[in-house]
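Please keep the sequence and the three-dimensional view at hand.

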Amino acid sequence: MEWIDTHAHLEDLRFSSDLDEVVRRAEEAGVKAILTAGTELGTSLRALKLAERYGKVWAAVGVHPHEAERATPEVLAEVEVLASHERVLAIGEVGLDFYRDRSPRESQLTAFRRQVELAGKLGLPLVVHSRGAVREVLDLLREFRGIKGMLHCFPGGPEEAEEVLELGWYVGLGGTLTFQKSALPEVASALPLEGILLETDSPYLAPVPYRGRRNEPAYLVLVGKKLAQIKGTSPQEVALCTSENARKLFGFPPAST
Ligand SMILES: [Zn+2]
């Protein structure tokens, strides 16, 4: 079985002392590729460095909504330079967060729009964070039909998930799928596997039974198994289909057989 973790933050300092081990455990668990996403220029550069260091790690570069005020034209020009590297597969993590509102909404909207435009210019897919703003995110994406991506750590309900698929986008599901009282199993059961990507968002949102601890890509398998249970299918089928989706969207290299 081969799994792909489409969203992690391996450049997070919580991995600085044992990343070799973390990557080795992912390998042992069958996680064959990991997309690690920057959140501003510094972490984007670190993500790229890790992608150069580990064969199974690939990078997304971008400015997160929490850091939107840092997304000056100069910084976005740097992001564009990083994005042209062959180990960069996407623009991200970008988006809108009107829940925590750590930067002014006006700056968030501008930074997001500029980076959606950048993805279009470079022909790269997007990794989008949305919290308390799924309506605003979907409305903006509607203006840019043709640009594809994933809504990571999907924050909406079944109708919004359907809208995501209508746009040709993917719904990212992670550890929250395994939480008690999660609304996501309902979303997942209504969606075809063809519209789903698996992710960990490591070091955040570790699945049960690791909830509250540091998450890592090896735990992706727990999310995949939970999804198989919800869909009434095998983990093999889930691994095959979601990895194929990830390859289609991001262009990860083909499965090693
Ligand atoms: Zn993230």
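Which residues does Ala-83 touch, not counting residues up to four places away in sequence? They are Val-61, Val-88, Ile-91, Leu-122 and Leu-124, where contact means heavy atoms within 4.5 Å. The model is predicted: local features need pLDDT of at least 70, side-chain atom pairs count only at pLDDT 80 or more, and totals for chains, interfaces and linings use all residues. Residues are numbered from 1 along each chain as its sequence is written, and side-chain values use heavy atoms, leaving out hydrogens and water.

Ala-83 belongs to helix α3 (residues 73-83); helices (H or I, at least four residues) and strands (E, at least two) are DSSP runs numbered from the N terminus. Ala-83 has a relative accessible area of 6% and is buried, a term that means under 20% relative accessible area, with exposed over 50% and partly exposed in between (1.4 Å probe, protein chains only).

Helix α8 comprises 12 residues, 220-231. At 1.5 Å a residue (the expected span is 1.5 Å times one less than the number of residues), α8 should span 16 Å, and the 17 Å between its end C-alpha atoms agrees. Leu-220, Val-221, Val-223, Gly-224, Leu-227 and Ala-228 are buried in α8. These residues lie on the same side of α8 because they cover an arc of only 155° around the axis, taken from the directions from the helix axis to the C-beta atoms. Just after α8, Gly-232 adopts a positive phi of about 65°.

Overall, the protein chain contains nine helices and eight strands. Of its 257 residues, 56% count as buried.
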